[in-house]
Amino acid sequence: MDGNTIAHELAKSQKSISVAEFFEKNRHLLGFDSPIKAILTCVKEAVDNSLDASEEVIFELKRRALKYYKEIQKLKDKNSERAKKLKEKISNLKKEIIHVLPDIEVRISEAQEEFRIVDKSNTRRGTISIRKDGKNIIRIDDKEIKFERQRVSNFKLKDKEFEIFASKNNKGEYEIEYIVNDLKEKFIAKKTTTTRYIVSVQDNGPGIVPEQIPKIFCKLLYGSKFQSLGGGKQSRGQQGIGISAAVLYGQLTTGRPAYVVSKISPRDPAVYYKLLIDTLNNSPEIIEKGFDDDFTLEHGTRIEIELEGTYLSSGEKSIFEFLRLTSIANPYAKITFIDPTGKKTIFQRTTEKPPKEPLKVKAHPHGIEIGTLQRMCKNTDKRSLLSFLTQDFSRIGASKAKEIIKKAKLNPKMKPSELTRAQVEALLKKIQSTNIMKPPTDCLSPIDHDAIIKELKAEFEPEFVTAVTREPEVYRGMPFQIEAAIAYGGNLKDETRLIRFANKVPLMYGRGGCAITKAVSDLDWRRYSLSQSGGRGLPQGKIAILVHICSVWVPFTSESKSAIASYPIILKEIKLALQECARQLNNYLRRRHREQRKKQRINIFVKYSTELVLALSRLTGKNEKEVEKIMKECLTKRYGDDYVNR
Amino acid sequence: MIMLTDKEIIEKLVKLGIKVINDLKKGENPALNIPLRSLSNVYYDENTGLIKLKDSFQERYYFNIGQSKKFMQTILIADRIKWLVEQNKTLSIRQLFYTLKHTIPGFKENTFDTQDESDPIIEDIEVLIDVLRENLNLFASSKGVLAGPITIIDSGDEIDLSKLGSAGYGVPGIVEPDVVKFKDCNAEYILVVEKDAVWARLNEDKYWKKNNCLLLTGKGQPSRAERRILKRMHTELKLPVYIFTDMDPWGYYIYSVYKQGSINLAYFSEKSGVPKAKFLGFKMSDVKNYNMPQDSFIKMGDQDYKRLKELSKYAWFQTKEWQKELKELKKFGNKIEQDALVMKGIEFAAKEYLPTKIENKDWI
């Protein structure tokens, strides 16, 4: 071959692109496709990380406590000195757990104040940017002057050609005198809405070892969360793209590095980095590194990202709402939010009960797909089919495995990697027709229905609330679990709210294409005393519907992780959960309706009684008071407390 | 119905109230037993030729959401009637409504909103205590008009009904003997016409003078006073009665109300029905006999057919002649108004149609 073919030509322009470069061109995949969404996604990724980090500490402490507990169980004398010591250790650990429950502070601030300079004829002449970091810029006509100063209420700038005198008036505007070539002009600079924000998220988690910081924040697809198919662990993030994508977004829109500070123990210093991402090589670029003495927590991490975005102060897609929902899904977390105006909102924890640690699990054989099984056969290190089945899957014991292999007419001693496609298919068929225990639940960490009820009560003060946690189920070999809740009345507005969670993370976008929305819309809510136009879509009224899916692997429809894919079994589980809640709501509404009817009835009789009493007394010539007394006694006799306490 | 003295009426009303109070005392649900005034509770008495009330009752309870207000209203009206009788004052049923209409203290609701609420309750009380409204000092503003060779003493005033010009004598709301007395009468029969316009036409032609008869109209569906005065004239003056209406189910029914009474006021039939009344027309045979022009036909609508069907089932329409008439009308599919006779000439009804029909006894 002499290398002159068209293919050779094409090959010259074919090169691998870095992951970072790819995502730079595909922001939408990661949730940075609109300015509103960008700032929210940034907060979301950082908060997810913080919650995960704080939980790590809790789980570690719980594991230690468990170890001591097991040790006590082994002791012969449960009242020995050793046992007492261990018990004390456990109780200290419990106290410590409460101490390290997630405490997250989210702060959104304007990265800079922007002013628009206009002259007397109201023509735009330039801008002023007053930045938080003191690196201020003023532009007039074609001149750009940088000046460094914190707290700028007035400033003077001088050059060979010009002089600028600026001072803030009581309206918050700058009055500017601009002298150029001995000509004096007066300008006014009015504040405009900024599009640059600094997102700052701080947690009390375990902190990050300094060397790891650049990689964690500036290398896409890096982290401990990335898992192979066929098993894993429930977690908020799944691919490890999140936070580095936010850093990248900030970098792309503002050119500014992310600031990360972390401290791993009271004895260690707080180390900070200013980081950029080398998008070609998918590697961190350290701009600055040092110690941050202002970081006061014993341990924890804070990240600050400056980015272009649009900040919504309220509404379903606002950061406020996101944090509120996050606090509902994580009742043991305290979340503080400080908005750009400095207003502080604290979403308190409603429980000090720490979350359950989701354990790593192997794939559950039910629902696994042919491709996955084939890959597992290829990749396994098990030497025989028997050990492959018993050790790479959950809930398959030796006898079950033998039964399956026998039914599939295979040899238990054969190497899994040597199975033909037809044999894999036969194996899968038999696996699916065999009765296998449901997956273990310890791989899943639901919010818990009691906690959901508490949270919804705290947030909406509803007149009625109910929640349900379903038993785990399996899709494609993945265990998952559905929780649902319905709140009614109270502070809820007359506009149905659909609250979607996946692995304790609120889903703010992608509502239309989500399995949760589909399941809710498919239900005939009219059967549960609610109105629903045409028997499809969301029910109407002062109602909030909450659905949480937790799974080792949540099936999102896209990388932006905003909508759940509609697997039939998932739809079915969501519907069953909703129906259970809806039945409770229906009972409540009907009871309420009955009571109202009863009250209305009595009120009718009371209403006409005054007229009736008067007419009767006139008609019969009996004393009015006496007839009134007879009427009241009759009402009391007939309707008892309902009449007396009406 | 028996004529009761005022004292007896008051006693009956008071008893009603006492029963309610006693029920309340016992903690029971007070009920009023009101004879039903619907088709299901009337029957046609062939012996008398009148529609009469059967003995079904409707219980009206106070502790019943649907009936509570009506119950209260019934007692309010009973109380007011008692007061009227005691005071020996007379009120129209509309005035009665106004004396009772007020806002219930503490609520945004009236005791009565419209007269449509109070009128049926007055009828309820009539059957409840078995006394006619006319004896309860209540009357309805009547609309009927009468003319002819008769002198009437109305509340002491002597009125010659042959000298009342184009308007005639307006029938008063109550025509009981204590209000209206008949003095001299030379008439030979009474002609009742359905419509005011036809009455005015005949009056202008001095039909009653030329034919020596009394001319009455109830202006459509007659109210109680017209029916009552017709009955009194028929029995006390011994005059035959001829009825002339439109040729449609509604006209036929008006005839039957004069003759046998109405379903809603079946208890009033004895006082008002004229079983010997004859139906002159307009009827199916007249269409041919008088060669009515096509242009006078009006196509029957759904409502007409529906009413026709109902009529054909009423017991008092079960004669051969009437069934034939109704069947033919259904087949014909058109109605003819009595006014349409003017198409044959403006004096056709007065000079030709009515006199020949009466002479030939061409009636049902």
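Buried area is the accessible area, taken with a 1.4 Å probe, that two parts lose on being put together, summed over both. In this predicted model, chain B and chain A bury about 2,600 Å² between them. Carbon and sulfur atoms give 72% of that area. The contact draws 33 residues from chain B and 23 residues from chain A. Three residues stand out on the chain B side. Ile21(B), Phe63(B) and Ile65(B) supply 24% of the area that chain B buries against chain A, more than any other three residues.

Charged pairs also cross the interface. The count between chain B and chain A is two salt bridges. One of them joins Asp79(B) to Arg618(A), with the closest N and O atoms 2.7 Å apart.

Next comes helix 2 of chain B, residues 68-87. At 1.5 Å a residue, its 20 residues should span 28 Å. The end C-alpha atoms are 29 Å apart, which agrees. Helix 2 of chain B is mostly covered, with 16 of its 20 residues buried. Just after this helix, Asn88(B) takes a positive phi of about 55°.

Now turn to the sheet in chain B. Six strands form an open sheet in the order 10-7-13-12-14-15, and the pairing is mixed. Strand 10 (169-170) and strand 15 (278-281) of chain B stand at the edges. Each has a single partner strand, so one side of each is left without a neighbour in the sheet. Further in, strand 7 (residues 145-147) and strand 13 (residues 213-217) of chain B run antiparallel, joined by three bridges. Across this pair, Leu146(B) stands opposite Leu216(B).

Helix 8 (residues 249-260) of chain B lies across strand 12 (189-193), strand 13, strand 14 (241-244) and strand 15 of chain B. It runs at about 155° to strand 15 of chain B. Helix 13 (residues 348-359) of chain B lies across strand 12, strand 14 and strand 15 of chain B. Its angle to strand 15 of chain B is about 140°.

Finally, consider one residue of chain A. Cys550(A) lies in strand 24 (residues 543-551) of chain A. Why does Cys550(A) count as buried? Its relative accessible area is 0%, and buried means under 20%. Leaving aside neighbours within four places in sequence, Cys550(A) is in contact with several residues, including Gln234(A), Leu444(A), Pro479(A), Phe480(A) and Asn503(A). Ser445(A) is also one of its contacts. Cys550(A) and Ser445(A) are 105 residues apart in sequence, yet 7.0 Å apart in space, C-alpha to C-alpha.

Definitions and conventions. Residues are numbered from 1 along each chain as its sequence is written. Chains are lettered from A and ligands numbered from 1 in the order in which they are written. This is a predicted model: local features need pLDDT of at least 70, side-chain atom pairs count only at pLDDT 80 or more; totals for chains, interfaces and linings use all residues. Side-chain values use heavy atoms; hydrogens and water are left out. Two strands pair if DSSP finds at least two bridges between them. Helices (H or I, at least four residues) and strands (E, at least two) are DSSP runs, numbered from the N terminus. Contact means heavy atoms within 4.5 Å. Axes are lines fitted to C-alpha atoms, for helices over the stretch in contact, and angles run from 0 to 180 degrees between N-to-C directions. The expected span of a helix is 1.5 Å times one less than its number of residues. Buried means under 20% relative accessible area, exposed over 50%, partly exposed in between (1.4 Å probe, protein chains only). A salt bridge is a side-chain nitrogen of Lys or Arg within 4 Å of a carboxyl oxygen of Asp or Glu.
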